[in-house]
Amino acid sequence: MSPRFTLGKETTHIAEPLDKEGYVDYETALNQRLSKGITAKTNANVLLWKVLGPKPERTPMPPDFFKLLGMEEPPERGEYFSEVLRYAKERLKFESGERIDALSDQPRRAAQRPWTEKEYPHLASWLKANETPLALVVEATRRPDYFNPLVSRKTEKGSSGLIVVSLSGVQSCREVARALTARAMLRVGEGRVEEAWQDLLACHR
């Protein structure tokens, strides 16, 4: 069966760099293109990783990840964002069961309507504990650029390709967005409408 299009410069837009075996290194090519014109000072993702810490999903990032971001790897300990389940176990000392299940569902319910600290005291304390990292998230969303390096985990045989690129941090960013929407509704409940808008705009960005 003959090909439906002819391979050439008109149809192949990425032809370099090449890897050791002579194949196109798509990982490097994409990182070069996606990061073009972006610096550590304009990249929102640099601040987001200062919020998430070095292991947001308990897995170390590949060595080149932070180098491509143009930043030092965040230290093991820091004032990082704490997910609601971790907060319940480590700070509130909740054991597995109904109490921890109820708290884990509160951010979703709290994001649906205005609420007050009296209704969800533990959720309010969670948001208070995350005040500093959430402020950094809002600052990050005001930056003009976003670049998240594509870095696959290497083996002795080399890279397995883009299919194994690490996406660590994605789930944690969802948790951060849940915190911002829950806090927005808390601020509406407290009559702090302008501050609520800023949280919702950060989620939109």
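In this predicted model, Gly8 lies in the segment that precedes helix 1 (26–34). Gly8 is partly exposed, because its relative accessible area is 24%, a value that falls between the 20% limit for buried and the 50% limit for exposed. Between Gly8 and Lys50 there are 42 residues of separation in sequence, and the C-alpha to C-alpha separation in space is 43 Å.

| Helix pair | Angle between axes | Distance between axes |
|---|---|---|
| Helix 5 (residues 98–110) and helix 8 (residues 170–189) | about 60 degrees | 8 Å |
| Helix 5 and helix 6 (residues 121–129) | about 70 degrees | 9 Å |

Helix 5 and helix 8, which pack at about 60 degrees, are therefore oblique to each other, and their crossing is left-handed. On the side of helix 5 the contact is made by Ser104, Pro107, Arg108 and Ala110, while helix 8 contributes Arg178, Ala182 and Met185. Sorted by class, the residues in this contact of helix 5 with helix 8 are 4 nonpolar, 1 polar and 2 charged.

The packing of helix 5 against helix 6 is made at an angle of about 70 degrees, and since angles of 65 to 115 degrees count as roughly perpendicular, helix 5 and helix 6 are therefore described as roughly perpendicular to each other. Here Arg99, Leu103, Gln106, Pro107 and Ala110 of helix 5 meet His122, Leu123 and Trp126 of helix 6. The class count for the contact of helix 5 with helix 6 is 5 nonpolar, 2 polar and 1 charged residues. Pro107 and Ala110 of helix 5 are listed in the contact with helix 8 and also in the contact with helix 6.

The cysteines raise a separate point: how many disulfides does the model contain by the distance rule? The count comes to 0 disulfides, where a disulfide would require a pair of cysteine sulfur atoms within 2.5 Å. For Cys173, the closest cysteine sulfur is that of Cys203, and because the two sulfurs are 11 Å apart, they are too far from each other for a bond. Cys203 is likewise in no disulfide, the nearest cysteine sulfur being that of Cys173.

Notes: Residues are numbered from 1 along each chain as its sequence is written. This is a predicted model: local features need pLDDT of at least 70, side-chain atom pairs count only at pLDDT 80 or more; totals for chains, interfaces and linings use all residues. Side-chain values use heavy atoms; hydrogens and water are left out. Axes are lines fitted to C-alpha atoms, for helices over the stretch in contact, and angles run from 0 to 180 degrees between N-to-C directions. Helices (H or I, at least four residues) and strands (E, at least two) are DSSP runs, numbered from the N terminus. Angles under 35 degrees count as roughly parallel, over 145 as roughly antiparallel, 65 to 115 as roughly perpendicular and the rest as oblique. A crossing is left-handed if the near helix is turned anticlockwise from the far one by less than a right angle, and right-handed if clockwise. Contact means heavy atoms within 4.5 Å. Ala, Val, Leu, Ile, Met, Phe, Trp, Tyr, Cys and Pro count as nonpolar, Asp, Glu, Lys and Arg as charged, and the others, Gly among them, as polar. Buried means under 20% relative accessible area, exposed over 50%, partly exposed in between (1.4 Å probe, protein chains only).
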